[in-house]
Amino acid sequence: MKKEKEMISWSSTYKINYRAIKLIYRHYPKMVLSHFFSIIWTALTPYVGIYLSALIIGELAGEKDTKRLTGLVCFTLITEAVIAFLSALLLKWKNSESAGMYHNIKRIWTKKLLDMDFVDIDNIETHKMLSAIEENHNGGGRGLVAVLGCYETMLSSIFTFLGGLALTVSLFAETVPRSAGNYQILNHPFFVLLILFVLLVITWLSPVLATKAGRYWTMNQNQYTLGNRLFDFYASFGYHREIAADVRIYHQDSMLDNWISDKTGVFESKGLFAGYAKGPMGFYNAMSAAVSVLFTGVIYLFVCLKAWAGAFGIGSVTQYIASVTKAASGLSELIETAGTMKINAPFLEKTFEYLDIPNLMYQGSLTVEKRRDRDYEVEFRNVSFQYPGSVDYALKNVNIKFRIGERLAVVGRNGSGKTTFIKLLCRLYDPTEGEILLNGINIRKYNYLDYMSVFSVVFQDFKLFAFPLGQNVAAKSSYDKERVENSLQKAGFGERLSDMPDGLETYLYKEFSEKGVDISGGEAQKIALARSLYKDSPFIILDEPTAALDPVAEADMYTRFNEVAEDKTVIYISHRLSSCQFCDEIAVFENGEIVQKGSHKELVEDKNGKYYELWQAQAQYYTE
Ligand code: ADP
């Protein structure tokens with residue numbers, strides 16, 4: 001079968017795993033530390049038991065001194081009790097620090113999504129990267145989660161190995177006496193080296209074979225990711241209310257059934273991975289298991305022969321067999337973990353490719369002057385803009401100024417650049433040419449959050465959360481009740497609020513509460529408008545949140561909003577001219593350019609202008 005991806009080098013494996021654990025430590029230091037201490041403790045303490053039991057057995061098989069024996073047994077019991085007590089404490093600490101680990105790790109990349117430049121959020125490539133990370137995380141915990149697992153086994157195996165080694169050294173140091181005749185060959189350095197060599201080869205071979213088996217997952221990473229992606233979609237598609245009707249009308253479930261068996265068949269009994277499991281993957285795993293059994297045989301033989309020849313007593317036999325076996329299993333686990341890290345490395349590369357997307361836009365540090373008189377002025381100066389990857393200009397040489405308290409309308413046909421204009425104003429994108437100024441300073445120089453405190457926007461496709469009404473309006477968990485109610489009143493939601501079963505505490509929709517209330521599109525718009533009023537920012541932008549309303553209802557809503565917006569600057573966007581007649585200034589967009597500016601009265605009189613043309617074309621809708 002053809003390899004999709006070659007393995008990465010050992011040094012890159014080490015570097016990327018080290019980087020990943022540092023990243024997790026930066027986010028969750030206590031979690032990493034609690035693992036560290038708990039694991040070392042768990043790895044080392046069994047040797048105390050092995051050593052003490054060997055002493056007891058030695059005493060039993062030897063002098064059988066009752067006093068010494070009683071002392072040894074009591075000491076062993078107390079020591080083991082203290083160890084068990086401390087182990088339980090450490091485990092509790094580790095478990096409490098790791099609670100929700102799966103989600104905590106996930107938060108590392110979801111947080112990145114919230115901080116990155118909008119231009120990257122809008123980029124399909126970002127979403128492809130993110131969903132690959134998610135799918136690898138969900139389907140088998142590959143990526144960052146696996147790093148924690150590796151860190152755990154790596155620590156445990158190193159300390160298990162070292163502890164075992166410490167108790168094993170004397171196995172080679174204790175020599176067979178002269179009286180043992182030919183058995184003295186067991187003392188010969190060459191023989192000792194041969195035994196060590198055989199043990200090391202077996203210890204190395206077993207995990208190497210297991211890693212060879214695991215490589216088939218990495219080599220087929222793309223198939224694995226696609227399979228998981230489709231399976232996630234398949235498993236969750238029944239939950240989406242918004243597609244439930246379509247699914248029934250078009251019987252889309254049967255189409256999905258075909259997709260799932262066709263494309264995610266890689267996981268099924270006749271699929272790709274099952275094929276590997278029956279073939280090379282299964283073979284390597286079986287060989288790995290068989291080889292490790294050989295190890296036990298060799299070590300039993302060597303230790304028993306030395307004891308037989310009189311090098312040490314029966315107590316030491318149990319100690320050596322246990323410690324050598326443990327040291328070897330530590331070493332074996334260490335090698336296997338290294339293999340797992342190598343298998344996981346390409347998944348980590350994908351994670352870092354995403355986490356390393358640079359944040360270039362929001363670097364400004366100036367604070368926006370908080371003015372009581374709200375005397376803010378915004379200016380677009382020769383602004384042109386192309387969407388990334390697009391050769392066409394969505395905005396061309398736009399020049400406009402607006403001052404606080406004004407009512408500005410941005411009108412034009414669909415696709416003329418109105419929303420793009422607002423996106424630039426809100427710094428979701430930076431202009432390709434020209435600059436936007438707030439009180440004479442390029443908006444790029446301001447701290448982004450500070451700059452955004454000046455604006456409230458209600459987008460056409462605004463979203464409300466399935467949280468309580470009050471929190472939706474305030475966009476915060478704790479809020480000023482009176483102000484929220486006031487904003488809802490102003491937005492025309494007052495009457496409906498008095499019907500809400502739990503007032504502001506009423507959940508919207510039913511996702512998070514059975515008592516949640518379903519609201520209509522019109523009601524949702526009012527809540528979104530209330531949210532823009534609650535923020536109390538000097539500029540409010542309404543980007544056709546009313547698109548679903550008929551022209552008369554939109555005009556009504558815009559006019560009403562005009563009254564409640566008081567001294568704020570409001571920018572109304574619409575493709576329907578009738579809604580914006582009351583504005584102080586109307587900017588007419590056409591193909592990304594402002595082709596006309598003026599009041600409704602001025603514009604409608606210019607019979608050669610675009611505004612007049614649009615007005616005439618739309619007049620049929622609102623002559624009544
Ligand atoms: P309006 O709000 O007036 O309907 P837009 O500002 O949404 O117009 O769109 C202006 C132009 O930019 C249109 O030609 C549209 O196709 C294009 N456009 C909008 N969004 C994107 C985008 N994310 N990527 C590429 N082109 C876009």
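This is a predicted model: local features need pLDDT of at least 70, side-chain atom pairs count only at pLDDT 80 or more; totals for chains, interfaces and linings use all residues.
Let's start with the ligand.

Now for some individual contacts. Thr 420 places a side-chain N or O atom 2.4 Å from an oxygen atom of the ligand. Gly 415 uses its backbone instead, with an N or O atom 2.7 Å from a ligand oxygen. On Tyr 387, a polar side-chain atom sits 3.4 Å from a nitrogen atom of the ligand.

Next, the largest pocket. Its space comes to about 1500 Å³, and 36 residues line it. If you want to find the centre on your screen, look for Leu 428, Tyr 448, Met 452, Val 457 and Phe 459, which lie nearest to it. Several elements supply at least two lining residues each, among them helix H4 (101-115), helix H15 (418-425), helix H16 (448-452) and helix H20 (521-534). Which element gives the most? That is E6, with four residues. The lining as a whole has 21 nonpolar residues, alongside eight charged and seven polar ones.

On to the sheet. Four strands make an open, antiparallel arrangement in the order E2-E1-E4-E5. Strand E2 (395-403) and strand E5 (441-442) are at the edges, and each has a single partner strand, so one side of each has no neighbour in the sheet. Between E1 (residues 377-385) and E2 there are six bridges. One to look up is the bridge that pairs Val 383 with Val 398 in E2.

Last stop, the cavity. Searching the whole structure turns up one cavity of 30 Å³ or more, and the largest cavity has a volume of about 40 Å³. What lines it? You'll find Lys 490, Ala 491, Leu 529, Met 557, Arg 560, Phe 561 and Val 564 there. Helix H21 (residues 551-564) provides the largest share, four residues. By class, this lining has five nonpolar residues, two charged and no polar ones.

Methods: Residues are numbered from 1 along each chain as its sequence is written. Side-chain values use heavy atoms; hydrogens and water are left out. A polar contact is a pair of N or O atoms within 3.5 Å; within protein, one must be able to donate a hydrogen and the other to accept it, and residues adjacent in sequence count only if both atoms are side-chain atoms. On a 1 Å grid over the protein atoms alone, a cavity is a set of points where a 1.4 Å probe fits but cannot get out, and a pocket is an open set with protein on both sides within 12 Å along at least five of seven lines; lining residues have an atom within 4 Å of a point. Grid points are joined across faces, edges and corners, and a volume is the space filled by probe spheres set on the points. Ala, Val, Leu, Ile, Met, Phe, Trp, Tyr, Cys and Pro count as nonpolar, Asp, Glu, Lys and Arg as charged, and the others, Gly among them, as polar. Two strands pair if DSSP finds at least two bridges between them.
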